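Here is a short report for a first look at this structure. It moves from the overall layout to the details.

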Amino acid sequence: VQTTSKRTVANRGTADLVDLFYEGLSDRKLSKAEALQAAQVRLIEQTENRQNQHPRLWSAFVLVGNWF
């Protein structure tokens, strides 16, 4: 799977998103699209790290190629 960003994003937010994305792929057995969506939702719902909730940190990411 390949993800790309439509703009420059912060490293910390990106690392958290990628961790959650791959957790969804491996541990939760989600599709690539579902894993990306679940990672974004989990960042929105975080209470311990409110900095990652802002869409500027996670909304720029999209799947490229065969992502079904």
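How many helices and strands are there in the protein chain? There are two helices and two strands.

## The model

This is a predicted model: local features need pLDDT of at least 70, side-chain atom pairs count only at pLDDT 80 or more, and totals for chains, interfaces and linings use all residues. Residues are numbered from 1 along each chain as its sequence is written, and side-chain values use heavy atoms, with hydrogens and water left out.

## Overall layout

Along the sequence, the protein chain has the pattern β-α-α-β. Helices (H or I, at least four residues) and strands (E, at least two) are DSSP runs, numbered from the N terminus.

The protein chain has 68 residues, and 32% of them count as buried. Buried means under 20% relative accessible area, exposed over 50%, and partly exposed in between (1.4 Å probe, protein chains only). Contact means heavy atoms within 4.5 Å. Among contacts with a separation of 6 or more, 56% come from residues 24 or more positions apart.

## Two helices that cross

Two packed helices are described by the angle between their axes and the distance between the axes. Helix H1 spans residues 11-26, and helix H2 spans residues 32-45. Their axes come within 8 Å and cross at roughly 135°. Axes are lines fitted to C-alpha atoms, for helices over the stretch in contact, and angles run from 0 to 180 degrees between N-to-C directions.

H1 and H2 are therefore oblique to each other. Angles under 35 degrees count as roughly parallel, over 145 as roughly antiparallel, 65 to 115 as roughly perpendicular and the rest as oblique.

Which residues meet here? On the H1 side, they include Gly13, Leu17, Leu20 and Phe21. On the H2 side, they include Lys32, Ala35, Leu36 and Leu43.

## An aromatic pair

The structure holds one aromatic pair. The ring centres of Phe21 and Tyr22 are 5.0 Å apart and the planes are at 75°, so the pair is edge-to-face. Rings of Phe, Tyr and Trp (its six-membered ring) pair if their centres lie within 6.5 Å; planes under 30 degrees apart count as stacked, over 60 as edge-to-face and the rest as tilted.

Phe21 counts as buried, at 3% relative accessibility. Tyr22 counts as partly exposed, at 42%.

## Val18

Val18 sits in helix H1. At 31% relative accessibility, Val18 is partly exposed. Phe61 lies 43 residues away along the chain, and the C-alpha atoms of Val18 and Phe61 are separated by 10.0 Å.
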